[in-house]
Amino acid sequence: MRWWQIRKRNADVDRELQSDLELEEEEERERGASSQEAHYAALRAFGNPALIREQTSAVWSWSAVENVLRDLRISARTLFRSPGFSLIAILVMALCIGATTSLFTVVRSVLLRPLPFRDPDRLVMLYEHYRDPALNTPDYNYNVVSPADFYDWRSQTHGFEDMAAWRYWQFNLTGEHGELPELVEARGGSWNLFPLLGVNAAIGRTFVESEDRPDGSSVMLTWSLFERRFGGDSSIIGRQIHLDGKLYTVVGVLPKWFTYPDAGVQVWVPYATALPPEILSHHDYHFSRVVARLRPDVTLASALSQVEAVQYHLHMQYLNAPVAEDVASKTLIQDLAKDVKKPLIILLCAVACMLLIGCLNVANILVARSAARQKEIGIRSALGARRMTLIREHLAESLLISLTGGVTGVMLSLAATEWLVSKWTDLPSAQSIHVDGTVLVFGCALVFATALLAGLLPAISSTGKSAVRALQASSRTMAGSQSRTALRKTLLTVEIAATVVLLIAAGLLLKSFWRLRTADVGCLTDNVLTMSYSLPGDKYDKPEKRNAFNETLVERVRALSGVRAVALGSTVPGAGYGGDDVFTIPELPALAPGTTLPDALNRTADPGYFSALQIPLLSGRFFTSHDRTGQPKTVIISHQLAKQYFGVENPLGKHLHPPARADADYEVVGVVGDTLFQVGRQSMATMYFPVFAPDKGDNMSLTLAVRTAGDPLAISVPVQKLIAELDPELPVSDVFTMQQIIENSLGSASLSASLVLGFAVLSLILASVGLYGVLSYLMTQRTGEIGVRMAMGARREQVVALMLSNGLRPALYGLVLGLFVSVGTVRLIQSMLYGTQPLDPATFAAVAATLLAVAAVACLVPAWRASRIDPMQALRNE
Amino acid sequence: MDKRKPKGADLLQGTLDMLILRTLLYGPAHGHQIGKHIQRTTNDFLQMQHGSLYPALHRLEKRGWVSSRWETAPDRNREFKYYRLTDKGKKQLVVEESEWKRMAEAVARVMWPTAEES
């Protein structure tokens, strides 16, 4: 007998009882009773047929299912009877569950789901690590590795199965038949990287050891480039493509799902390929990421200690070079989630907070509704309804709300997740974020958890002993059920406290975002268009050729109408870290061996760079056209560098000696104002070298910044045409205005701030609706009392004050509680704040004021209504 | 529901199962007959409560100790639901009988101690 045969079984039991009952009746008649008497006698002998039927049916286990179905049917009817409430409750649940599901989807894909590699748990990233606490900034904690260090680690330690390295690179990809040139994002990966990860080529093969050399010419395409540029034609394997004007043979195509380290990568070359050979033997050129696979029989600590020993030895060997003493590791998944982990967790907490508020709100409304049904429940429990049955009925109602809300919410989250992923550009593995089975299971669990949370409290409070007491209470009781009201106020207090916590977090994040937006980058950001290009080393092998191109370009762009000024340099402020170099100052006493060398960002700039970007000259001079190859070497330093390393002395005429650049002294000819390399980060000491005196180690990529009179984007096509005229094979990339660059670097900050604000505002609305509901309920309960008060001469203002104090008290308690909790929780977001104290008094005050104002408005309506009560009417209604 | 049951309910319930199985040993019978038979045999000492009889019958059927079928009664021209003992039910009856015996003996030994122990 299965549960879907319930009807059949019930009919069977009915028939059986009926036939036996009739038999009893017949026998009574045969004994001579009248038919009426026989009927009653049979019933007396038989007992209550309905009860017998129920008890008999209960023998079969499906009665539980039957009960649940019945409960759901009853609750559905109850919900349909008050569509307004049901709709609001379902909507609240849909929003809360939908938002939670969306964030869980993202968190799961980014932080929890194992990477699609072989044994991903044993993959770790290794970094160099400086012990000097002053250098323990996020940039140095996990410092990228130099090639020679990597080679030594790999050959001299045995704790890891294997170690592989990869590095950033870019190529100009040009076609043979005049196709558009383009700048492609590339990675150089050591030949063993793919076998180490457990990744095979989709077509062709991965690199072999003999290809991993500076003059190598093998290349692998990622699936996206293969599809986009080569039409998915697998005959590309074995053919050659032009990268930076050189021929590379395509050996393989990576699978479509392979988006490590990010989805923007277009081609892979072997690690050593296209690098100047001498760089490979350097211990102080830090640009590589090292992936290592732990041996199954070795602990991470012992494997790491071997690498640390090697690294410390190297450090002692190169005391005056930036070679770190130590090694630090991260799991691969942590490494990928680096910048988004914190905002994600904060958003998840915020959304969980909102979910809690939503649940409390629905619970609150359910408590009010069950209060209206108190008599009914009292009668039912007096007649013998079991407490479990009543609780189950209550839960069925909240389950129905959660279920409907949950289904709507999960559907909402499908769209919301897509939106979130498209907005949140720095999420890793963005392609693989989607709702799947696990997420659906999570959604279901969420539905049941919310149903339980929202339903259990009202269910327990309204059943049990108190229910029977409701029958005893006469209609003359004025204050209604005190305990019920107390419960609602407690729920409300918690709800408001949670809202305050959310509001404060949102306020702080918003203020921090506003600080970021208005941060002074140290240069002009309006009406500036930037674009990048990279002169390939083969075609522009001599500095003279590079200078000729660059100077011609700057001159021609300057001559365009609408152009105010032109700057050419390695990068512009706000566009990122760029790169740094250590240096010594010959005029100062030599540093003791082992001390960390002074270090500064390195930039290149043309004579017009500073004036075009309006970076102020503090002393000395800007570059001139004489600062070029073959002339005396010069450098311009930032104010911070001057202060940090020259103190009160005049730096002009002194020298910097950056060994990685050239074994030469550079004369300081000018001091300029400080700029931020990235908004939201501390400014760093910076040195500028003349762009027309390129040295080894100079960034190949150059950024052209054009200040315009009008809309900067309007100038972008004419400038790109100029570049194409000068060199049709030179691709231009990253065409952005300065504003866009800064906006992009804020990306997730603005998103998380506005999302948390959205959650907070929603919570505020929920809390005020809750407040309004409780007070309205209170007012209905106390109508009689208020009537008496007014009949005795209470004035309307006094009634308003009474009701207001009733409603505002939980709001006040909640506010105080929320403020206390916030003092603890703001520490969680401290590291995400910029220029804002976590205990920012203005934010705390603003939140308190907003909350009180909203609470007052929510309370005022019912309070005012209470004061309008006609005493006679109220008393007559008793 | 449970609270309102007399204390000996569990004992009675087990006993009722045994009595039904024993009654069915005579041949198939419907609920009314079973109840009447037990009542008659015990000289009305055990008043059959239909409220426990039918749940017991269905419980036995669920456990597979009896099977049921709608059949026409020989004396009345109507269908009744007849229960009959299954092989599994026969085995169960033996088990319950011996258990009941041991129980009754144990109770008797406490209640009416005999000389043989002294």
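Domain bounds, as used here, come from an automatic or database domain assignment. In this predicted model, the assignment divides chain A into domain 1 (3-61), domain 2 (144-323) and domain 3 (536-729). Between the C-alpha centres of domain 1 of chain A and domain 3 of chain A there is a distance of 100 Å.

**Confidence**

Chain A has a mean pLDDT of 84, and 94% of its residues reach 70 or more. Over residues 474-480 of chain A, however, pLDDT stays under 50, and the model has nine contacts beyond four places in sequence for this stretch. Where pLDDT is low, the predicted coordinates should not be read in detail.

**Contact between the chains**

How many residues of chain A are in contact with chain B? There are 15 such residues, and they are in contact with 16 residues of chain B. On the side of chain A that touches chain B, α1 (6-30) and α3 (49-59) of chain A each supply at least two residues. The most comes from α1(A), which gives six residues to that side. By class, the side of chain A that touches chain B is made up of seven nonpolar, four polar and four charged residues.

**Chain B**

Chain B contains four helices and three strands, which follow the pattern α-β-α-α-β-β-α along the sequence. Of the 118 residues in chain B, 26% are buried. Among contacts in chain B between residues at least 6 apart in sequence, 49% join residues at least 24 apart.

**Nonpolar cores**

The largest nonpolar core has 215 residues, and those with the most contacts inside it include A:Val219, A:Val267 and A:Met354. Helix α22 (residues 738-781) of chain A contributes the largest share of this core, 19 residues. Domain 2 (144-323) and domain 3 (536-729) of chain A each provide at least three residues to this core. A second, separate core has 21 residues, among them B:Ile20, B:Leu21, B:Val66 and B:Leu85.

Leaving aside neighbours within four places in sequence, A:Val267 is in contact with several residues, including A:Phe171, A:Val184, A:Val219 and A:Leu225.

Which residues of helix α13 (residues 374-382) of chain A are buried? They are A:Ile377, A:Gly378 and A:Ser381. Seen down the axis of α13(A), the buried residues fall within an arc of 105 degrees, so they line one face of the helix. On the other side of α13(A), A:Glu376 and A:Ala382 are exposed. An α-helix has 3.6 residues a turn, so residues three or four places apart point the same way.

**Two residues of chain A**

A:Val340 lies in the loop between α11 (332-336) and α12 (341-372) of chain A, while A:Arg556 lies in helix α18 (residues 543-559) of chain A. A residue is buried if 20 or more other C-beta atoms lie within 10 Å of its own, exposed if 12 or fewer, and partly exposed in between. The table applies this cut-off.

| Residue | Other C-beta atoms within 10 Å | Class |
|---|---|---|
| A:Val340 | 20 C-beta atoms | buried |
| A:Arg556 | 17 C-beta atoms | partly exposed |

The C-alpha atoms of A:Val340 and A:Lys721 are separated by 38 Å, and these residues are 381 residues apart along the chain. For A:Arg556 and A:Val566, ten residues apart along the chain, the separation of the C-alpha atoms is 9.9 Å.

Key
Residues numbered from 1 in each chain as written. Chains lettered and ligands numbered in written order. Predicted model: local features only at pLDDT ≥ 70, side-chain atom pairs only at ≥ 80, totals over all residues. Contact = placed C-beta atoms within 7 Å. Nonpolar A, V, L, I, M, F, W, Y, C, P; charged D, E, K, R; others polar. Core = buried A, V, L, I, M, F, W, Y, C linked by C-beta atoms within 7 Å. Arc of directions from axis to C-beta. pLDDT = per-residue confidence, 0-100.
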